[in-house]
Amino acid sequence: MLRKTNFYINGTWTPPMVPNDFDVINPATEAPFCVISLGSSHDVNKAVAAAKNSFEVWNDTPIEERILKIEKLAEIYELRVEEMAKAISMEMGAPIDLAINAQAAAGLGHIKSFIRVLREFKFEHRLRDNTPDEFLIHEPVGVCGLITPWNWPMNQVTMKVVPALGVGCTVVLKPSEIAPMSSLLFAEFMEEAGFLNGVFNLVNGDGPTVGEAIGSHPDVDMISFTGSTKVGIALTRSSANTVKRVALEMGGKGANIIFADANIPEAVKRGAIHCFNNTGQSCNAPTRMLVERSVYDKALEIASATAKSTAVGQPNEHGTHIGPLVSETQFNKVQGLIQSGIDEGARLIAGGIGRPDGFNIGYFVQATVFADVDNAMRIAREEIFGPVLSIMPFDNEEEAVRISNDTRYGLTNYVQSGDIARAQRIARRLRSGMVVVNGASRHSESPFGGYKQSGKGREGGIYGLEEFLEIKAVSGWNTPIL
Ligand code: NAD
């Protein structure tokens, strides 16, 4: 059994103030494979003090030098990317090819993307070309608490740590306690890259203890959180007394609107595969498929066939199969929601309750499809976070937009149509931070974030830098004494 009970504080691997061992479980075997520590508010105090002490020096470090450190980090990450993929696969069950090509790769992609953006960003400039006296300075917010989930661990960690440090903030990271291995490895990369002591700190722990302590800490100037809407609300409350900035990336219940003039086999299959990818554990998954009635039956056939041909397999095996869900809690939640779909009268056309044939252990589930779903059912309203697709018909554009927007979430919606003018019209009407048309891939610098209860703020590209910056307006920049 591995033991990784220390935290990374002020450039040193530091034992917890109060020992509190916690098992990290392999979701494919249900067996513990590593012991970490759950920290306390004392550990948070130490980490925040280190971040606060290093802030001034780090902020005064020229941007070119900060970028050099991030380039070094990218180099190390690239050399050790397979190690990173294995850590992710083991902690949260992503099949190794997905872990290499998507999970670990996403982290490296973000680091490189932020290097490009940091090089171009103008930290100081006039308000306008013709206002020599009105000057704007973009300055780091200060000490940032970064709280991340388990589902795309390195994607989230790099989307926060790199822009924060790049613009001159210092950070305390609290990764998900059920998937801490990738972040512990990332901390090793940071150590090897030689960042100034104290600018990056990592404290493991649970939400109610370490998460809350970071959220309510008077010396933490900003929280950047990714996780469930429920916890985002709790964190907003615990941070309120200190009036810190809070950026939230939360859940989703994406609609995928498929018109009859789309390439139906392609669009339906792509939508179902996207929903099942990462075993359904993606905030931007298109989990509600809305299909124009004239092609509805055909779409059901294709979606059901896609689910039935979705292989389930071990995380350490190569291939395009789906792995287990992350935990027993998630397994029980997904089973409960599938049962609620059956109980509320949706028509089960693939998958269902229980593990797939041949699996007796591990949090494995079946790719599941429900037809004739009503948008009022729980499976259409709640974020399932499992490979469960809900399909419903619509008769016209108006209805498709109404159903899509009838949700408390607003992260990513999808439109499939041969009529690009219609797709654009609908993209304008969807209340979400992101819309993807006809399977296009998103630009790495495009802002990622949600409307409504999916979030507050944007990550990635220039928007991801601005998230961690204050703006100072200096009037009279060139005004001599009068
Ligand atoms: P979660 O909300 O349970 O936990 C997220 C993090 O918050 C963990 O580190 C956890 O320990 C911590 N936490 C828990 N309670 C806390 C508290 N009271 N105070 C402070 N911190 C606390 O989420 P999860 O189950 O780890 O991740 C899945 C969720 O993340 C899904 O809802 C998913 O949609 C969301 N997510 C959103 C995005 C996005 O960018 N919008 C991306 C990935 C995941």
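Ser 182 is buried, with a relative accessible area of 0%. Buried here means under 20% relative accessible area, exposed means over 50%, and partly exposed lies in between, with a 1.4 Å probe and protein chains only. Ser 182 sits in helix α6, residues 181–193. Helices are DSSP runs of H or I with at least four residues, strands are runs of E with at least two, and both are numbered from the N terminus. The side chain of Ser 182 makes a polar contact with the side chain of Glu 91, at 2.6 Å. A polar contact is a pair of N or O atoms within 3.5 Å; within protein, one atom must be able to donate a hydrogen and the other to accept it, and residues adjacent in sequence count only if both atoms are side-chain atoms.

The model is predicted: local features need pLDDT of at least 70, side-chain atom pairs count only at pLDDT 80 or more, and totals for chains, interfaces and linings use all residues. Residues are numbered from 1 along each chain as its sequence is written, and side-chain values use heavy atoms, with hydrogens and water left out.

Helix α6 also holds Met 181. Met 181 counts as buried, at 7% relative accessibility. Met 181 and Ile 233 are 52 residues apart in sequence. Their C-alpha atoms are 26 Å apart in space. Leu 300 belongs to another element, helix α10, residues 296–308. Leu 300 is buried, with a relative accessible area of 7%. Along the chain, 135 residues separate Leu 300 from Val 435.

Val 435 in β19 is the bridge partner of Asn 413. Four bridges join β18 to β19, residues 434–437, and the two strands run parallel. Two strands pair if DSSP finds at least two bridges between them. From β18 the chain crosses through helix α14, residues 420–429, to β19. This β-α-β crossover is right-handed. The term means that, with the strands pointing away from the viewer, the path from the first strand over the helix to the second runs clockwise.

Strand β18 also pairs with β13, residues 255–258. This pairing is parallel and has three bridges. Here Ile 257 stands opposite Val 415 of β18. Strand β18 itself spans residues 412–416 and is mostly covered, with five of its five residues buried. Thr 412, Tyr 414 and Gln 416 point one way from the strand. Asn 413 and Val 415 point the other way.

An antiparallel pair involves β4, residues 21–26, and β5, residues 31–37. Six bridges join these strands. Asn 26 has Ala 31 in β5 as its bridge partner. The hairpin of β4 and β5 has four residues between the strands. In this hairpin, Glu 30 takes a positive phi near 65°.

Most residues other than glycine have a negative phi. Asn 10 has a positive phi of about 55°, although it is not a glycine. Asn 10 lies in the loop between β2 (7–9) and β3 (12–14). Asn 10 is partly exposed, with a relative accessible area of 38%. Lys 452 has a positive phi of about 45° and is not a glycine either. Lys 452 is found in the loop between β19 and β20 (455–456). Its relative accessible area is 37%, so Lys 452 is partly exposed.

The ligand is surrounded by 27 residues. The closest residues are Thr 148, Glu 177, Ser 228, Met 250 and Glu 383. A backbone N or O atom of Thr 148 lies 2.8 Å from an oxygen atom of the ligand. For Trp 150, a polar side-chain atom lies 2.9 Å from a ligand oxygen atom. For Glu 249, a polar side-chain atom lies 3.4 Å from a ligand oxygen atom. On its own, the ligand has 860 Å² of accessible area, and the protein covers 89% of this area. Accessible areas come from the Shrake-Rupley method with a 1.4 Å probe; for residues, only the protein chains shown count as cover.

The UniProt annotation "domain: Aldehyde dehydrogenase", from an unreviewed entry, covers residues 20–474. Such annotations may be inferred rather than shown by experiment. The span is 43% helix and 19% strand. Its end C-alpha atoms lie 49 Å apart.

Definitions and conventions. Near = heavy atom within 4 Å.
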